[in-house]
Each structure stands twice: as C-alpha cells, then as structure tokens.
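Biologist: Can you put the structure up? I'd like to go through domains and contacts.
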Amino acid sequence: MRSFPALARAISLAAAVAMLGTVMGAPVQAATTYKVAVDLPMSGADASNGIPTDNGVILAVEEANAKGLPGGIMLQHQVLDDAVQGVHDPAAGSQNVKTFVADPSVMGIVGPFNSNVARAEIPITNDAGLAQISPSNTNDGLTIGETAKALRQSHPDLITYFRVCTRDHYQGAAGAESAKKLGFKKMYIIDDNETYGKGLADVFEAAYKAGGGTVLGHDHLTKNQQDFKALLTKVKATSPDAVFFGGVTATGGGLLRKQMADVGLGTTPYIGGDGISDEEYLKIAGAQADGSYYTVAAPDIGMASAQAFNKAYQARFKQAPGAYSAAAYSAAWVIINAIADAQKSGGVTRPAVLKNIAGTKNMASPVGPVAFDKNGDTLNGVISFYKISGTPPKATFLNTVSIASL
Amino acid sequence: MELFFQQLVNGLSLGGIYALIALGYTMVYGIIELINFAHGDVYTLGSFFSLAILTALGITSEMHGFPLVATILGVMAGAMVFCGIVGVLIERFAYRRLRNAPRLAPLITAIGVSFILENIMQLWQGPSPVPIPTFIPEASFAIGGVTIQVKQVFVVGLAVFMMIALQLFVYRTKLGKAMRATAQDRDAAQLMGIDINMTIALTFLIGSALAGSAGFVSGVYYGTTWFFNGFSAGLKAFTAAVLGGIGNLAGAMLGGFVIGLVEAFGAQYVSDQWTNVMVFSLLVLVLIFRPSGLLGESLPNKV
C-alpha cells in the first residue's frame with residue numbers, strides 16, 4: 001500500500017524522462033495546439049469535488065475551440081489525478097505538476113483543489129515559470145506572508161500561483177460575522193489539525209473574539225479518529241450556542257456532526273467552512289446534518305452572472321454544477337484569454353501567458369469580475385453563506401458576504 | 001462529578017469495542033504466537049457484512065419489539081459467521097504453510113493480508129465512510145444526571161458476556177482443553193491425538209467471529225463504517241491485548257476497558273489530540289514495570 005506511490009513516481013519519472021528525450025530530439029515547432037492542464041483529486045471520496053470542478057475546465061476549453069482562437073490555435077484539456085487511495089495527496093500532486101512542466105504544450109494549470117497539495121506544487125511551478133490557477137484553495141499561507149515566500153524558493157518575486165476564490169482570512173471572518181448575526185454568543189471550536197482546517201479555525205477564533213464572542217474552548221482532532229463522544233461530552237458541559245468546525249468532511253467533519261446527537265447536542269447549530277460543503281457531508285451526517293451552516297469562498301451558483309454558465313453546464317453534463325465548477329471554468333478562461341492575447345502579440349510562450357494572467361483586468365466570469373492582486377489573490381472576494389435543514393437535509397443559500405465589508 | 005461519570009460511560013462503551021477485538025488478538029497469539037495484524041480488518045469486515053445483510057433484508061428504518069431483537073441477533077450472527085469463515089480461510093491459505101517458518105515471515109504475511117482486506121473493502125464499498133441504517137431506536141435513560149444510551153449498555157454487556165462465554169469455553173470444554181494443550185506444546189498435543197490444524201482453525205474461527213460481533217456493534221453504535229477503520233481500532237485493540245497480558249482473555253478485556261477510559265478521560269481533562277500519546281505512554285509504562293502485562297503472570301495457561 002505504501003509502496004504504490006513510489007512505484008507510480010518511478011513510472012512517471014521514466015515517462016517524464018522519455019518525454020524530455022522527444023522534446024530535445026525534435027526541434028520545437030510552432031505547435032498550434034496548446035494544453036490547459038488540470039490537477040485535481042479525481043478518484044475516491046474526493047472525486048465528488050474533483051469531477052465537477054474538472055468539468056468546468058472541459059466546458060471552457062470546448063467553448064473556446066468552438067468559438068475559434070486567433071491564429072487558428074487549438075486547445076486541449078488534460079487532467080491528472082492527485083488522489084492516492086481515494087484521498088488527495090501532495091506527493092501525487094507535485095508529480096503531476098512535474099509531468100505538466102515537462103510537456104512544452106502545457107501553457108497553464110487549473111488546480112489543485114486542496115491547500116496542502118498546493119503547498120507541494122507551488123515550488124515546482126514557480127521554478128518552471130508555469131502559471132497555475134486554483135479554483136478552491138483558501139489557505140492564507142499559500143499567497144500571504146513568509147510561508148508563501150518560502151514556497152517561492154527559486155524566484156521569490158515571481159508569482160505563478162493565482163486563485164479565483166478568496167482566502168481563509170475572509171472566509172473565517174465571514175463565518176464569525178454570520179455566527180454573530182445568528183445570535184451565537186458563546187461557541188466551541190474544533191479543528192482537524194490540518195493546513196486548511198486549523199488555519200480556518202484559528203482565523204475564525206480571532207475574528208469571533210474580536211466581534212465580542214466568547215470562545216469556550218478549542219480542541220483538535222486526531223487523524224483517523226472515529227469516536228468523538230468523549231470530546232463532545234466535554235463540549236456539551238460548556239453549553240455552547242453553536243460549534244464551529246475547521247476541516248473537511250473526510251477528516252471528521254461529518255462524523256462529528258453525526259455524533260453530536262448522541263451526547264445531546266443534536267439541536268445545537270454547527271458551522272463550518274467550504275470543507276463541509278460537499279455531498280459527502282450530507283451522506284455521512286445523515287439526518288443530523290439538519291441545523292448546520294457553512295461558508296463557501298465562491299459566489300453562489302444562483303447569482304445572475306452564473307446563469308449562462310449553469311445552463312451550458314447542465315446541457316453539457318446533464319447535472320447541476322458543483323460548488324467550484326464555475327470557479328474552475330473561470331480559471332480556465334483566464335488561461336485561455338492569456339493564450340489568445342499572447343498569440344496576438346508575438347507568440348505563445350509560458351512567460352507571455354504568465355504575464356497576461358497576472359495582468360488580467362476585470363474579466364467577466366460566472367464568479368464575477370476576475371483580477372489579481374500582487375500576491376495572486378483575487379480582488380473580487382465573495383463568500384457565500386449556506387444553511388442545511390429539513391428532512392432529508394438540504395443546503396440552501398442564505399446570503400453573500402463581500403470581503404470589502406470584513 | 002456528573003461529567004466524570006458521563007465520561008466513564010463513554011470510556012466503557014468505547015473500551016467494550018476494543019475489548020471484543022482484543023479477545024481475538026489475544027486468542028490467536030496465545031495459540032500460535034502470531035500477531036495477526038489482519039484482525040483489525042476482519043473487524044471492519046464485520047461492519048460491512050452487517051451492512052450488506054441489513055441492505056439485503058431491506059431494513060432502513062427503526063424497528064421495535066420482537067422484530068428488532070430478532071434482527072439484532074440475526075444480523076450479528078450473520079456477521080459473526082461470515083467473519084469466522086474469512087478468519088479460517090486466512091489461516092488456511094496465508095498462515096498455515098508458515099507455521100514453522102521464521103517468525104518474521106508470518107508477521108509480514110499478516111500485514112500483507114491486512115492490506116489485501118483493506119483494498120478489497122475499498123473496492124467493495126468505496127473509499128469514504130459508509131452510513132449504516134439506524135434500525136435500533138435511540139433510547140436512553142438517566143441516572144443522577146448521567147445519560148446512558150441503551151446501545152452503550154449493549155456494547156459493554158456484549159463484551160463482558162463474550163469474555164465469560166469464551167472463558168467457560170476454554171476452561172470447561174474438551175475443545176477448549178485441546179486449545180490450551182495446543183498452546184502449551186503443539187507437538188505433545190499432537191502426540192496425544194489432538195488435531196492441531198482443526199484446533200488452530202477453530203481458534204481463528206472464534207477470534208474472527210468475535211471481531212465480526214465487534215464490527216456489528218460498532219456499526220450500530222456509530223452509525224457509520226469505513227474501510228480503514230480497522231487500522232487504528234486494530235492497533236488500539238492490540239495495545240489492549242498487550243497491556244492486559246497477551247494470551248490472557250481477562251487481560252484483553254481489562255486492557256480494552258483501560259484504553260477506552262484513558263481516551264475518554266484524556267479528551268475531557270487533557271486534550272483530544274493527546275489521547276493517543278497517553279494510551280501508548282501507558283503501554284510503555286506498563287511494559288517497563290510489568291513486562292508481561294497487567295494480568296500476564298497470574299495465569300500460566302495461555303490461550
């Protein structure tokens with residue numbers, strides 16, 4: 001089981017070497033087909049996130065080819081899976097990105113989905129000067145501060161990593177503000193001790209305290225933990241108005257909610273981030289999902305700018321888009337527009353595409369106007385707030401929180 | 001103080017599940033001195049078998065009265081039978097040929113079997129947690145402010161019942177005597193006319209059936225299962241078996257409850273993320289001062 005990634009690594013390394021050979025052997029021609037590459041978790045539990053997100057990119061590439069691009073260039077979509085044993089894996093992600101770097105026709109990458117995978121990939125795209133846009137990473141440390149600088153080892157001042165969703169600093173603050181509005185005066189905070197989960201919980205705690213809320217306690221879960229009754233008994237004794245969870249469904253978000261009922265916290269509201277925004281959460285928490293709230297670092301798919309996209313997606317894939325389909329579609333279009341502009345002004349090269357992406361100005365997209373700041377973060381930050389209720393529990397959009405108000 | 005007793009209840013029910021798994025660990029070790037790492041996965045298999053039986057019977061909602069009792073016993077018996085068969089097959093095809101091999105060989109084989117079972121379960125039921133229908137009503141009662149769920153009583157009761165039944169089987173029946181004889185000296189037992197292969201297969205059958213019952217109970221208790229559950233639960237149960245004195249049935253039970261209690265009180269009075277550290281530190285401490293476990297020395301006959 002543990003030896004499998006090593007084997008996969010060896011094989012893809014061999015493949016990469018072989019590819020490098022063909023590149024060096026033949027003179028690089030002015031290829032008329034360029035690739036929009038995708039790195040997402042496409043198998044296992046994370047596939048419920050990865051596949052609808054990838055579909056957004058497929059849709060964008062197909063639309064661009066149908067519309068026609070300057071100079072007769074064509075685009076191709078290529079996706080690699082970063083899940084190992086059904087769970088997103090940083091080592092697999094960095095291997096995929098190395099494969100893309102070795103392929104000269106790749107002009108940009110959409111992905112990854114998970115923040116810890118991004119940590120492994122940013123140093124590689126930074127070294128290669130290849131642009132990468134994540135539809136869904138929210139961890140602050142990927143773009144802000146010393147941690148972000150440390151990821152850009154090769155070229156500290158070159159930004160190759162962008163994202164079209166906003167970051168946890170705002171997601172946590174939006175969660176805290178929404179909790180305050182709902183009248184939760186004292187809360188208990190639990191996180192899964194991972195890059196994303198702990199980061200979000202810490203931001204939430206700070207914002208919630210700053211807003212006058214009382215934090216009754218902050219506990220961290222252990223990996224692969226199944227029994228949360230002791231922890232929840234402790235939580236119940238503090239009689240919180242609500243419980244905040246920083247983390248994803250797969251690391252305990254669903255089971256924790258389910259077991260709250262066992263200790264008599266079944267009617268206590270439960271708030272999380274986009275980590276519990278998936279179908280998987282409703283499946284695992286079951287009827288207990290009723291009374292949960294969550295934030296998503298993207299506009300709701302019901303908003304006006306997304307209607308055309310929703311229709312096209314529905315027509316193409318015969319299902320409703322996922323939480324990050326529109327974001328991935330927009331990220332792909334940023335890359336496509338950058339390639340088209342490069343073609344018009346002197347030729348498609350990775351540095352030209354990268355420069356055009358960084359210079360994207362208010363591009364209209366389903367997630368609103370896209371533009372990036374100097375760190376690669378979106379200037380159009382929007383957080384959506386949802387409630388899960390009813391039998392069987394279903395998510396309904398409550399309201400939008402703009403980062404300008406936070 | 002109420003909180004203390006509430007955590008006591010939590011710890012005992014968690015410990016009951018560990019104890020049921022630990023019983024199988026300790027039996028197999030007692031008879032062929034093999035740490036059967038696949039045992040935790042047989043436990044997970046038990047919860048998947050329970051789910052499959054429930055699905056086959058079309059049970060999705062709460063039941064009451066006689067049908068409820070019949071379903072509980074029927075599904076648990078089914079899971080135990082299936083797991084018992086799997087255990088016997090594992091022994092027959094993976095361990096039997098290695099019985100006289102160097103000890104590392106069966107140990108590595110056990111880890112291999114564990115991976116095989118995990119991957120089979122992942123292919124069968126998918127890599128994410130799977131919900132198990134709640135067909136037992138959520139009933140609970142309170143004693144002086146401490147809420148006790150009926151299913152918690154069931155877990156603890158079943159663990160204690162199984163341990164006593166097993167103890168009686170091993171010490172009061174002919175087959176049990178054969179098991180003890182095989183554990184003490186395999187060659188001598190064979191010379192006395194004991195069918196060694198049958199006896200060892202029987203040990204695996206019983207041990208795996210117990211894991212199956214633990215799988216059923218945990219499925220009902222938590223309402224979910226996951227293909228990878230057996231890894232950490234198996235590790236804790238193994239720790240329980242060693243803590244109590246490996247090869248000793250009462251010790252396995254005691255170890256299971258001790259670990260469950262340490263986890264519950266650790267989560268309450270220290271911090272949830274330190275519970276594993278406390279469990280394994282306790283193991284180290286016990287092994288330093290009592291190398292053969294808590295009850296290890298008091299019983300010379302190991303099974």
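**Domains and contacts**

Modeller: Chain A splits into domain 1 (8-13 + 29-166 + 304-375) and domain 2 (168-296 + 383-405), with bounds that come from an automatic or database domain assignment. This is a predicted model, where local features need pLDDT of at least 70, side-chain atom pairs count only at pLDDT 80 or more, and totals for chains, interfaces and linings use all residues. Residues are numbered from 1 along each chain as its sequence is written, while chains are lettered from A and ligands numbered from 1 in the order in which they are written.

Biologist: How many residues does the contact take from domain 1 of chain A and from domain 2 of chain A?

Modeller: Domain 1 of chain A gives 13 and domain 2 of chain A gives 17; two residues are in contact if their C-beta atoms, placed from the backbone, lie within 7 Å.

Biologist: Which elements give two or more residues on the domain 1 side?

Modeller: α2 (47-67) and α4 (115-128) of chain A. Helices (H or I, at least four residues) and strands (E, at least two) are DSSP runs, numbered from the N terminus. α4(A) gives the most, three residues.

Biologist: Switching to chain B, how many residues does the contact with chain A take?

Modeller: 30 from chain B and 29 from chain A.

Biologist: Which element of chain B has the largest share?

Modeller: α1(B), with six residues.

Biologist: And by class, what is on that side of chain B?

Modeller: Eleven nonpolar, 17 polar and two charged residues. Ala, Val, Leu, Ile, Met, Phe, Trp, Tyr, Cys and Pro count as nonpolar, Asp, Glu, Lys and Arg as charged, and the others, Gly among them, as polar.
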